[in-house]
Amino acid sequence: MLKRSNAEIRKLDDAAKAGWLYYVAGNTQEEIAKKLNVSRQSAQRMVALSVSEGLIKVRLEHPIAKCMDLQLKVKNRFGLQSCIVVPSDENEPMSTLGLAQAGAKEIELHLKSTEPKVIAMGTGRVLRACVEELALLNCEQHQIVALLGNMASDGSASSYDVVMRMAEHINAKHYPMPLPVLPSSKEEKEQLHAQRYIANNLKLAAQADVTFVGVGNLAINSPLHIDGFVTPKELKELQTKGAVGELISWVLDINGNLIDCAVNQRVASTPLKVNSDKAVYAIAAGEEKVFAILGALRSKLINGLITNEYTAERILSID
């Protein structure tokens, strides 16, 4: 295979960006032309090139140079095993477009293993979107286990459960966690964890070969608050104590320390290990999650990150 020139590489970079804006972000060719500062005809040719060169297959297959550079910088800064950075629309810092496709691609790499694997999953909007992007596979050799329950204190279920939906996509044995995210007390949590089937699920999740989690912020629009897991009073208490985010409902400050609070005493999720030798991916992006992601990276509870350009640049800009 002939080595491409720098000019050819730049041309493919631009084509990949145009293709992503068109097929993933849903921009028109006129909008792409404005964002890339080219004519509409050039934008049209760039989108066509992205297809003819095989750069776009719904998921972005071309490793854009800027994304690769950011991947390396984030990986080195935080000592990660893996980092994946997808393109982002600089005009929409809150957007998570492209994350689901990248997350699904990474999950599928593990699902396609012929060796049996235990795959542990968190919950939430982004992970659910990743599952929706998965190909239909037959993965009878694998076990999918939930890291946390999906019930609020009133017994209602979250609409963003991941494990059961994932099992439908891939025909794998799955182990949900039938308990509330936050039991009413530490004592209740211990009683629930002592039940044989829950104890077995917790043990299985702790031994997972690969783990995928989301990262939640702790503003008024945080999933913990919106989904009814914490009250406004509890949320205010957490913010007062310096909380910036959560990993499977374990609450962290910006330095990655677990907050000494009632929520962390009650949370029923499987504890994550510091500096695990197994792959633990967080999938998250957006301005509102920058400090939460930073706390997660500093905690060493994760060793892999899937995010976008905007978020990676923001993380790297903070000392």
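Which residues line the largest cavity? The model is predicted: local features need pLDDT of at least 70, side-chain atom pairs count only at pLDDT 80 or more, and totals for chains, interfaces and linings use all residues. Residues are numbered from 1 along each chain as its sequence is written, and side-chain values use heavy atoms, without hydrogens and water.

**View 1. The largest cavity and its lining**. Met 121, Gly 122, Thr 123, Ala 146, Leu 148, Gly 149, Asn 150, Asp 161, Val 162 and Val 163 form the lining (an atom within 4 Å of a point). A cavity is a set of points on a 1 Å grid over the protein atoms alone where a 1.4 Å probe fits but cannot get out. The volume, the space filled by probe spheres set on the points, is about 30 Å³. The lining divides into five nonpolar, four polar and one charged.

**View 2. Helix α1 against helix α2**. Residues 6-23 (α1) and 29-36 (α2) have axes, lines fitted to C-alpha atoms over the stretch in contact, that come within 10 Å and cross at roughly 135 degrees. Asp 14, Lys 17, Ala 18, Leu 21 and Tyr 22 of α1 meet Gln 29, Ile 32, Lys 35 and Leu 36 of α2 (heavy atoms within 4.5 Å). By class, this contact has five nonpolar, one polar and three charged residues.

**View 3. Helix α4 against helix α14**. Residues 65-78 (α4) and 309-316 (α14) pack at about 40 degrees, axes 10 Å apart. The two are therefore oblique to each other.

Definitions and conventions
Axes fitted to C-alpha atoms, helices over the stretch in contact; angles between N-to-C directions. Helix = DSSP H or I, 4+ residues; strand = E, 2+ residues; numbered from the N terminus. Nonpolar A, V, L, I, M, F, W, Y, C, P; charged D, E, K, R; others polar. 1 Å grid on protein atoms, 1.4 Å probe; cavity = no way out; pocket = protein on both sides within 12 Å on 5 of 7 lines; lining within 4 Å. Parallel < 35°, antiparallel > 145°, perpendicular 65-115°, else oblique.
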